[in-house]
Amino acid sequence: MNIVKRENRKGDKAYFSIEYGRGRGTRMATGIFVYTHPRNLVEKNHNRQALILVETKKSELLLERQAIGSGYIPDHKFKANFLDYYQEFADANVRKGKRHLKNSLAQFKLFIAKGIISPVDITENLCKRFRQYLLDKFTGETPANYFSEFKKVIRAATKDNYWRHNPVEDVNSKTNPSKKLKENLEADEYIKLLHTPCLNETVKDAFVFSCYTGLRFVDIKLLDWKDIKEGRLTTRIIQHKTGLPVTLTLHPIALAILEKRRRLSRSISSPKVFLLATHDGCNKILDQWVTAARIAKHITWSCARLSFSILLQDENVDDATVAYLMGHSTSNQVIKTYRRHRPRNQTASISKLPMPEALPYFLEN
């Protein structure tokens, strides 16, 4: 392994790289340089410390290569606090529109309830307890999504020789189907809400916008004016196959809301379309508004997304299109979660069964 020194075009600096082979891709740039003709004490000190630093880099790289295949992890690679490794992994694998990895780290920190945890404390039993923690706290696919991201981190750390055996290998991710069916709004209830005043116009506008776009509360709260161009909304959801964001053509009601918010925003210098309070605070206002509209249902913000999906399916929009509009890569979520669980009209459905013109003889008086 050699340290290679090359001068730049001006000839005033020389940069170091480390060669550990003769093939392509076996030279690593260090970004460390020295002044070729130091003019003062500062530049001389810089050169002296740069030489020490490049030797340290070489030593670290040599240790890493020598440790391959052994159970030894060089000190400069080992994170004594596993949260530091988790954070580094999350930062290196951040994806626009993907929040599961970041949220899994946040939940793991809440689970351990302390600022440090040694890798030796990450056992199969602890992994099982973390899975149960997620199942107790969340419903639906969320526990499985968060735990799957946790497993990715553990798998990566195992390959980095933090453990000889993956402590979470035999611990499967689990979903937590909600025992309580979520309510949805029917078409006539959409109209009721549109014609019913609300104490907070911003909440009303934002919720109706969710009903006509299927966006979650967090996406509505983060919505910027720059995301909307020529009647189309560019979401933060990235398509898996194309790597491009999902774009939605907006309904006339959604466009009318945007026009209204744009007029109001002229007096408020904010890039956000909707300036909303907390999720709980908005749901309280929503509950009062739904009651005023005489809708006898427990409606929360997440019901808007469900209603969006159900009403599209009622109009025979295919599952693949509904899934795309909701930002899903497959139709699985639409089929399993975002579908009608309650009959729209029991009387109309039952009346479709065969009925003779007259009652049969055995039912006559």
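Q: Before we get to the sheet, when do two strands count as paired here?
A: Two strands pair if DSSP finds at least two bridges between them. Keep in mind that this is a predicted model.

Q: Okay, so how many strands form the sheet, and in what order?
A: Three strands make an open sheet, ordered 1-2-3, and their pairing is antiparallel.

Q: Which strands stand at the edges?
A: Strand 1 (2–7) and strand 3 (27–35) do. Each has a single partner strand, so one side of each has no neighbour in the sheet.

Q: And what does the twist average from one strand to the next?
A: The twist averages 30° from one strand to the next.

Q: How many bridges hold strand 1 and strand 2 in their pairing?
A: Six bridges, in the antiparallel sense, with strand 2 covering residues 13–19.

Q: Switching to helices. Where's glutamate 43, and is it buried or exposed?
A: Glutamate 43 sits in helix 1 (residues 41–67). With a relative accessible area of 9%, glutamate 43 is buried, because buried means under 20%.

Q: What does the side chain of glutamate 43 reach?
A: The backbone nitrogen of arginine 39, at 2.8 Å. If you set aside neighbours within four places in sequence, glutamate 43 is also in contact with Tyr35, His37 and Pro38.

Q: New topic: salt bridges. How many turn up in the whole structure?
A: A search of the whole structure finds twelve salt bridges.

Q: Why would side chains pair like that?
A: Side chains of opposite charge can pair when their charged atoms come close.

Q: How accessible are glutamate 124 and lysine 128?
A: Glutamate 124 is partly exposed at 33% relative accessibility, and lysine 128 is partly exposed at 38%.

Q: And what's going on with lysine 152 and glutamate 149?
A: The side chains of lysine 152 and glutamate 149 meet in a salt bridge as well, at 3.3 Å from N to O. Both residues lie in helix 5 (residues 142–159), three residues apart, which is about one turn of the helix. Lysine 152 counts as partly exposed at 39% relative accessibility, whereas glutamate 149 counts as buried at 14%.

Q: Now, what does aspartate 205 form with arginine 261?
A: A salt bridge, with the closest N and O atoms 2.9 Å apart. This pair links distant parts of the chain: aspartate 205 is in helix 7 (residues 201–213) and arginine 261 is in helix 9 (residues 252–265), 56 residues apart.

Q: Are aspartate 205 and arginine 261 buried or exposed?
A: Aspartate 205 is buried, and arginine 261 is too.

Q: Which residues do salt bridges with shared partners join into one network?
A: Glu201, Asp205, Lys260 and Arg261.

Q: Last one: where's lysine 284, and is it buried or exposed?
A: Lysine 284 lies in helix 10 (residues 279–292). At 60% relative accessibility, lysine 284 counts as exposed, because the cut-off for exposed is over 50%.

Q: How far apart are the C-alpha atoms of lysine 284 and threonine 300?
A: They are separated by 8.6 Å, with the two residues 16 residues apart along the chain.

Notes. Residues are numbered from 1 along each chain as its sequence is written. This is a predicted model: local features need pLDDT of at least 70, side-chain atom pairs count only at pLDDT 80 or more; totals for chains, interfaces and linings use all residues. Side-chain values use heavy atoms; hydrogens and water are left out. Helices (H or I, at least four residues) and strands (E, at least two) are DSSP runs, numbered from the N terminus. Axes are lines fitted to C-alpha atoms, for helices over the stretch in contact, and angles run from 0 to 180 degrees between N-to-C directions. Buried means under 20% relative accessible area, exposed over 50%, partly exposed in between (1.4 Å probe, protein chains only). A polar contact is a pair of N or O atoms within 3.5 Å; within protein, one must be able to donate a hydrogen and the other to accept it, and residues adjacent in sequence count only if both atoms are side-chain atoms. Contact means heavy atoms within 4.5 Å. A salt bridge is a side-chain nitrogen of Lys or Arg within 4 Å of a carboxyl oxygen of Asp or Glu.
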